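My entries follow in the order I made them.

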Amino acid sequence: MKTRSAPVSKAKPEDETKAKTLIAAEKPSKTFILPSSTSDNARLLSLPDPQSGKLTRYFFCPNRGIYEFTVVAPPAHLARSILFAPHPRETPNPSEEEKENTEPPVQASITKKAEFLVATPIDAMFFMVPLLGPSPKSGRSLFQPLDDIIDSQDDLPKHLRQVLYDVEFRSSLLARAEAISEVVEAGDEKMFRFNETKLVQELVTKAERMAERGLPASLEERFVRQALATPLMSVKREDVATSQEPLSESQESVSKSGERQDSPSTVGTTATPSVTTPAGESTPVPEPPSEESTVPDHITQLLRISTALSFMKESYLPPAMAARLDEILASAESPINFKPLQDHLKMIADLRAQALASRDMSNFSRKRALDDEEQDTREEKKRRKEEEEKKSKAAGSQAVKKLKKVNTSGMQKMSSFFAKAAPKKT
């Protein structure tokens, strides 16, 4: 008699039987500081960077415009973190309904990196320059409506197309396109053609406004003060001797009597400078501050404007367009004249060359002063070496550390066990 056995159940793999566990991500993973009072349609977008063309994250609000994110973080060698703790609102006499509807308290969280992404406004004009500017193949562009210019760009990113066709943002976008283009009205529609001169004028206006409000301290120190600093020039001994007033008869008699009373060693020490440094040889001395050595205000202001222009060109304009704007600024069509600034910087360069040439090269015992960049480089190398040493020490396990403390005196080395055996004596 045959009996039918129960059907064999297929065993499920262990991975499917086990419940899938989700690893909670760090909350918050990135910290954004966004502008207040934005519209409900505000959102994060991926737009092409005006300078490089790579897709970068931006914050867009139809009412307030486009914002870029500036990273604010401590130095890499300083480990910092941020603690986010909720601040609950306490009511003096909560009702029973409010007690029932209260949500559970939110737990605090810590970020591993003390890094903020601050939303700072960026002019929409910089996004219009690659769009309106002439391509290298077509040459000079023609008057066209803005919609036709947008439709002609087949490889335009999706998010940028949404920004350009946004109804609420359309008026401000047309105003920024008009600031850098020639405009012709054809009926009820405006037609645009890119103009490089108007772009230069707009950038100069921005740079002048930045210079009036004041550049950041780091830019002011590095690109303005250090660039306009004049070197300490040298003076001759003859000039020092002629600048001294002649001694009177009473002073001469006092000095002669003092010389007679001096010992031979004192006379030798006082006569040493006149022997080692003969008359007519130049000796570097600090230049006293005078009104003539101060930099004129208009030169300083021109340098601030030039620094602001360089920052905008290198950050928000394509390299080809930035080179073309440099040609316009150097030509007669430039809206601002940088000739006095260039002459002053050339004079400072000549003074520095003279000061370098006037150094006493025979005194090799004097150590060369390190520049700020060299000092920073040495400190950076020293810091990296210390970090590598700390990592190598931390990488070692506890067992390895204990083995290092073992006394191995009298023990044979490991290589001795693998050596050839000595021949047996017959």
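**Burial and make-up**

I began with burial: of the 426 residues in the chain, 22% are buried (under 20% relative accessible area; exposed is over 50% and partly exposed in between, with a 1.4 Å probe and protein chains only). I note that this is a predicted model, in which local features need pLDDT of at least 70 and side-chain atom pairs count only at pLDDT 80 or more, while totals for chains, interfaces and linings use all residues. Residues are numbered from 1 along each chain as its sequence is written, and side-chain values use heavy atoms, with hydrogens and water left out.

I counted 16 helices and 12 strands in the chain; these are DSSP runs numbered from the N terminus, helices being H or I of at least four residues and strands E of at least two. I then looked at contacts (heavy atoms within 4.5 Å). Of those with a separation of 6 or more, 71% join residues 24 or more positions apart.

**Nonpolar cores**

I looked up the nonpolar cores, meaning sets of buried Ala, Val, Leu, Ile, Met, Phe, Trp, Tyr and Cys residues joined through side-chain atoms within 4.5 Å. The largest has 53 residues, and those with the most contacts inside it are Ile-66, Met-128, Leu-199, Leu-203 and Leu-309. Helix 12 (residues 297-316) gives the most to this core, eight residues. The core also draws at least three residues from each of domain 1 (31-84 + 109-194) and domain 2 (196-229 + 295-361), with bounds that come from an automatic or database domain assignment.

I followed Leu-309 further. Leaving aside its neighbours within four places in sequence, Leu-309 is in contact with Leu-203, Val-204, Ala-207, Leu-329 and Phe-338. Another core, of six residues, lies apart from the largest one, and includes Phe-59, Cys-61, Phe-69 and Ala-119.

**Cavity**

I searched for cavities on a 1 Å grid over the protein atoms alone, a cavity being a set of points where a 1.4 Å probe fits but cannot get out, and lining residues having an atom within 4 Å of a point. Points are joined across faces, edges and corners, and a volume is the space filled by probe spheres set on the points. I found one cavity of 30 Å³ or more, and the volume of the largest cavity is about 40 Å³.

Its lining consists of Ile-66, Ala-124, Phe-127, Met-128, Leu-160, Val-163, Leu-164, Phe-169 and Leu-173. Helix 3 (125-132) and helix 5 (158-164) are the elements that give two or more residues to this lining, and the largest share, three residues, comes from helix 5. I sorted the lining by type and got nine nonpolar, no polar and no charged residues (nonpolar: Ala, Val, Leu, Ile, Met, Phe, Trp, Tyr, Cys and Pro; charged: Asp, Glu, Lys and Arg; polar: the others, Gly among them).

In helix 6 (residues 170-179), I found Arg-170, Leu-173, Ala-177 and Ala-179 buried. Their cover includes helix 3, helix 4 (146-151), helix 5, strand 9 (181-186), strand 10 (189-194) and helix 7 (196-213).

**Single residues**

I checked Ser-37, in the loop between strand 1 (31-33) and strand 2 (43-48). Ser-37 has a positive phi of about 55° although it is not a glycine, and it is exposed, at 64% relative accessible area.

Gly-214 is in the loop between helix 7 and helix 8 (217-228) and is partly exposed, at 43%. I placed its C-alpha 8.5 Å from that of Arg-304, 90 residues apart in sequence.

Met-347 lies in helix 14 (residues 339-357) and counts as partly exposed, at 40% relative accessibility. Its C-alpha is separated by 9.3 Å from that of Thr-230, 117 residues apart along the chain.

Key
1 Å grid on protein atoms, 1.4 Å probe; cavity = no way out; pocket = protein on both sides within 12 Å on 5 of 7 lines; lining within 4 Å.
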